[in-house]
Amino acid sequence: MAERTRKVAVVGGGITGLSAAYYLQKHAKEHGVSLEVTLIEATHRLGGKIQTLRKDGFVIERGSDSFLSRTKNINALVKDLGIEDQLVESGAGETYVMVEDKLHPVPKGSVMGVPTAVGPFLASALYSWSGKVRAAVDLILPKSKKTTDQPVGPFVRRRFGNEVVENLIEPLFSGFFSGDIDRLSLDATFPAFQEIEQQHRSLIYGMKKAERICPDEYTTNKKGVFRSFKNGLETLVSAIEKELSGSTVLKGVKVVQIAENNGKAVLKLNNESTLVVDDVIFALPHTKVQPLFEPYGLLEELKAMPATSVATVSMAFPAEAVREFADQAMGFVVARNSDLSITACIASHCKWPSQTPEGKMLFKAFIGRVGDEAVVELSDKEIEKTVLADLQKAMAIEADPEFTIVSRWSEAMPQYLVGHKERVEKARREVEKNFPMVQIIGSSFEGFGLQGCVAQGKAAAQQILGNCQLEQEKRR
């Protein structure tokens, strides 16, 4: 009996969908499975939030700019794609936090703001002595009685007090997740906190002892912690797209409706065509996938999941124009008690020296946070004026930028609120029950960062390949 060709659609051409399509094609070839893969992307380019711009000798990332060097899944992907020779490693430097309009270095040994080295913590001017004493109470506090999900804010305030939280922990969490720590889920954002507290009682003591679960990106930056490519992160997107020559890639095409017919998914597209497939992987934000299932009364709880809109603003300056910023500073995050609109700033020339012309500096600022998203809707000139004023205040810049690149990301940062994991599990069960051929994946559901997205794409592909192999065995 001739083997049946299984048809699979991957909806969404960001890094999650690209990974899914790539691994579907790769594993099908390796295991002798006949697959017909169609990748559908609503815009006219692939890559999603990965967008690289080259200008005047600069390599400028509009969105994501790197992945962790220690991330095995992306390193393996890069090796498979044959682009290892194009990798570059990040430079070294300190991260700062702006508190009440003054920059302070993040104390060495801090993990997401939690001190693990006594000397640097005591020497830091970030906190008053009363704040330091209050933080030390963590060493004698009992562990929490509550072991279910809870907001990050109350958890860390109980252990360290308001000052340490407001001056360091909250700015770091806000810079990383663009969210409100009093609403963000501890279990979904940084479960290591609760795990360590339950095991060691003291978070300070436990963090110091459990360094293996304290990722480098949450600590003072060291050389080579992050990786990118000589010509920017879009190198990864281009390499995957090139490998998808055996698949069908539809750009500028949107799925507007889904139905089920005899165990297959029927996808209606905005070009008036219909695609009938055996499996569908939706690698879309929850704001895009939820409306497709709304006619069936599914995924209702996802409607309440907020997503923050942000903008990135890259500004280039001659090095001599920046008077008050260390040459080896990686950037800074901003506490809410500072009179700035930006939430964080990366010194791209320090992080990626090979991507910046000699004698130049490139700063990438982030603007927009929960409760202050209207600023993202301002005109480019207004955003540029706001960000420049903030950078001048922070670093005493004495010149206008040589150029400015403003990039808006509408509803780009899904907020993992308390109970997030349970809601996602419920949503996936609903879909599986009514549309067993469908998977929903992406940063709205789990795994912030490129590594989490690639992992989800690969896992979804493996699930489909596993089903194919089971079907083959039944036919024999």
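How many aromatic pairs does the count come to? By the rule used here, rings of Phe, Tyr and Trp (its six-membered ring) pair if their centres lie within 6.5 Å, and the count comes to 14 aromatic pairs. The structure is a predicted model, so local features need pLDDT of at least 70 and side-chain atom pairs count only at pLDDT 80 or more, while totals for chains, interfaces and linings use all residues. Residues are numbered from 1 along each chain as its sequence is written, and side-chain values use heavy atoms, with hydrogens and water left out.

Back to the rings. Planes under 30 degrees apart count as stacked, over 60 as edge-to-face and the rest as tilted. Phe 293 and Phe 435 make an edge-to-face pair, because their ring centres are 5.4 Å apart and their planes stand at 80°. Phe 293 belongs to helix 11 (residues 286–293) and Phe 435 to the loop between helix 14 (420–434) and strand 20 (438–440), so the pair ties together parts that are 142 residues apart in sequence. Helices (H or I, at least four residues) and strands (E, at least two) are DSSP runs, numbered from the N terminus. Both Phe 293 and Phe 435 are buried, where buried means under 20% relative accessible area, exposed over 50%, and partly exposed in between (1.4 Å probe, protein chains only). Elsewhere, one aromatic cluster is formed by Phe 155, Phe 173, Phe 176, Phe 177, Phe 190 and Phe 193.

Rings also turn up with charges. A charge sits over a ring if NZ of Lys or CZ of Arg is within 6 Å of the ring centre and within 35 degrees of the ring normal. The charged end of Lys 132 does this with Trp 129, 4.4 Å from the ring centre, and the charged end of Lys 351 sits over the ring of Phe 226, again 4.4 Å from its centre.

Next come the helices. Two packed helices are described by the angle between their axes and the distance between the axes. Helix 1 (residues 15–31) and helix 10 (residues 234–243) pack at about 35°, with axes 10 Å apart; axes are lines fitted to C-alpha atoms, for helices over the stretch in contact, and angles run from 0 to 180 degrees between N-to-C directions. On the helix 1 side, Ile 15, Leu 18, Tyr 22 and Gln 25 meet Leu 236, Val 237, Ile 240 and Glu 243 of helix 10, contact meaning heavy atoms within 4.5 Å. In helix 10, the buried residues are Thr 235, Leu 236, Val 237, Ala 239 and Ile 240, and their cover includes helix 1, helix 2 (72–81) and strand 9 (226–229).

His 349, in helix 12 (residues 348–351), is buried at 11% relative accessible area. Not counting residues up to four places away in sequence, His 349 touches Thr 356, Lys 360, Met 361, Leu 362 and Phe 363. Val 249 lies in strand 10 (residues 248–251) and is partly exposed at 28%. From C-alpha to C-alpha, Val 249 is 9.7 Å from Ala 21 in space, though 228 residues separate them in sequence.

Glu 100, in the loop between strand 7 (94–99) and strand 8 (102–105), is exposed at 58%. Met 112, in the loop between strand 8 and helix 3 (118–123), is buried at 2%.
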